[in-house]
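Dear colleague,

Please find the structure we discussed placed directly below. My notes on selected side-chain contacts follow it.

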Amino acid sequence: HNPTTRECKGLLIEESRTNIHKYSQDLSNWTVESGGSVTANTHISPAGDQTADSLNGTQSGSSAYRTFSLTSGTAYTFTVFLKYVSGNTNIQIQIGDAPFGGSSGRSSTTFNTSTGALVSNTGGTATVNDVVAFPNGWYRVSITRTPTSTASGFMDINHTSSTASTVAVWGAQIEEGTFATSYIPTPDTKSVTRGQDLVEITGEEFSEFYNRTEGSFVSEIMIKPSFPVSGYATVMMSLSDSSYDNRVTLSSSTGSAAFNADVTIGGTNNRAVIGSYTSGSYSIKAAMAYKAADSAGSLNGAAAVTTSTSPGTLPLLTRADIGKDHGNFNPLNGHIKRIMYYSKRLSNNQLRTLTS
């Protein structure tokens with residue numbers, strides 16, 4: 001659900017990720033310096049339990065940090081939940097890939113913890129992905145940076161004023177990748193890995209509804225506004241025989257905003273390019289219909305695009321995959337808000353209406 005409006009966003013489907021930030025919600029096990037102090041379990045966290053700590057500062061540079069082993073040339077995304085408590089509203093997140101204490105290889109990103117506004121981003125190659133508002137004054141900050149050194153890296157949460165100030169901190173995460181995924185708690189000294197979300201229908205459950213000769217499916221997804229992501233396709237739904245040679249797929253192209261309705265038979269793909277995702281939006285509605293020599297697709301209420309070159313008989317397919325392909329590649333990393341299957345070929349006008 002949307003944390004603020006409570007709107008249902010649907011089924012979250014994500015790839016596997018590892019949070020390497022140990023003690024992600026226990027600042028007492030971080031290094032605190034420069035007039036700073038930590039008070040444990042002072043606030044209700046975004047998860048609804050009283051596990052968020054206070055980072056208190058009495059001067060500019062009061063901070064808490066942990067160091068990590070990072071791989072040079074690999075992109076990492078750093079996230080943390082922050083909440084304004086008292087004093088100065090600005091908090092700086094310093095990320096580095098040089099030994100702590102030196103200024104080289106360090107980026108400094110400052111946020112207003114009362115409003116979530118970005119104040120500045122300097123001194124490095126950090127990219128601010130987004131700041132997401134949560135209830136009760138919390139914001140989740142997401143920053144991506146690629147280290148250029150094999151030295152230990154760090155994420156440092158830093159007060160920026162000599163005014164006595166307090167900020168609540170919870171849910172720190174460092175993961176390989178160019179975008180953030182949902183929070184993975186690390187209660188102690190161990191990194192924690194979340195497995196990939198696999199949504200699939202096979203066997204009798206599939207054969208009970210699948211019509212080999214014709215059919216249609218409609219899907220609405222919610223994905224990150226930073227889409228498309230290099231190297232990823234966005235699979236809404238795919239029917240296949242567990243191969244790439246025979247399948248019916250509604251998805252985007254790899255690393256592209258273009259969505260396609262594909263019917264692949266014996267390795268020959270027949271594609272209807274149904275339109276492109278508009279950057280900055282969250283919701284995508286798409287539908288496709290398949291039938292021998294008569295398939296089509298529609299995106300966000302646009303006129304259906306057809307293709308009539310499908311050769312031969314449609315293959316006997318054995319599975320449906322939602323938010324990924326049969327090989328567990330191209331995870332959606334977003335939400336499936338709605339998905340419907342029809343055991344007949346809907347008309348082009350119906351496809352358009354269902355995606356409006």
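Predicted model: local features only at pLDDT ≥ 70, side-chain atom pairs only at ≥ 80, totals over all residues.

Aromatic residues

The structure contains eight aromatic pairs. In one of them, the ring centres of Phe81 and Tyr183 are 6.3 Å apart and the planes meet at 75°; since edge-to-face requires an angle over 60 degrees, this pair is therefore edge-to-face. Phe81 belongs to strand β7 (residues 76–86), while Tyr183 lies in the loop between β14 (165–176) and β15 (192–194), so the pair ties together parts that are 102 residues apart in sequence. Phe81 is buried, with a relative accessible area of 4%. Tyr183 also counts as buried, at 16% relative accessibility.

Another pair, Phe206 and Tyr210, is stacked, with 4.8 Å from centre to centre and 25° between the planes. Both Phe206 and Tyr210 are buried.

Ring pairs also link Phe81 and Tyr183 with Phe134 and Trp170 in a cluster. A further ring, that of Phe179, has the charged end of Arg17 over it, 4.6 Å from the ring centre.

Asn330

Asn330 is found in the loop between β25 (319–322) and β26 (334–342). Its side chain reaches the backbone nitrogen of Ala233 at 3.0 Å. The side chains of Asn330 and Asp325 are joined by a polar contact of 3.3 Å. Leaving aside residues up to four places away in sequence, Asn330 touches Gly231, Tyr232, Ala233, Val235, Gly323, Lys324 and Asp325.

With kind regards

Methods: Residues numbered from 1 in each chain as written. Heavy atoms only, no water. Helix = DSSP H or I, 4+ residues; strand = E, 2+ residues; numbered from the N terminus. Polar contact = N/O pair within 3.5 Å; in protein donor to acceptor, adjacent residues only side chain to side chain. Contact = heavy atoms within 4.5 Å. Phe/Tyr/Trp six-rings, centres within 6.5 Å; stacked < 30°, edge-to-face > 60°. Buried < 20%, exposed > 50% of the residue type's maximum accessible area, 1.4 Å probe, protein only. Lys NZ or Arg CZ within 6 Å of the ring centre and 35° of its normal.
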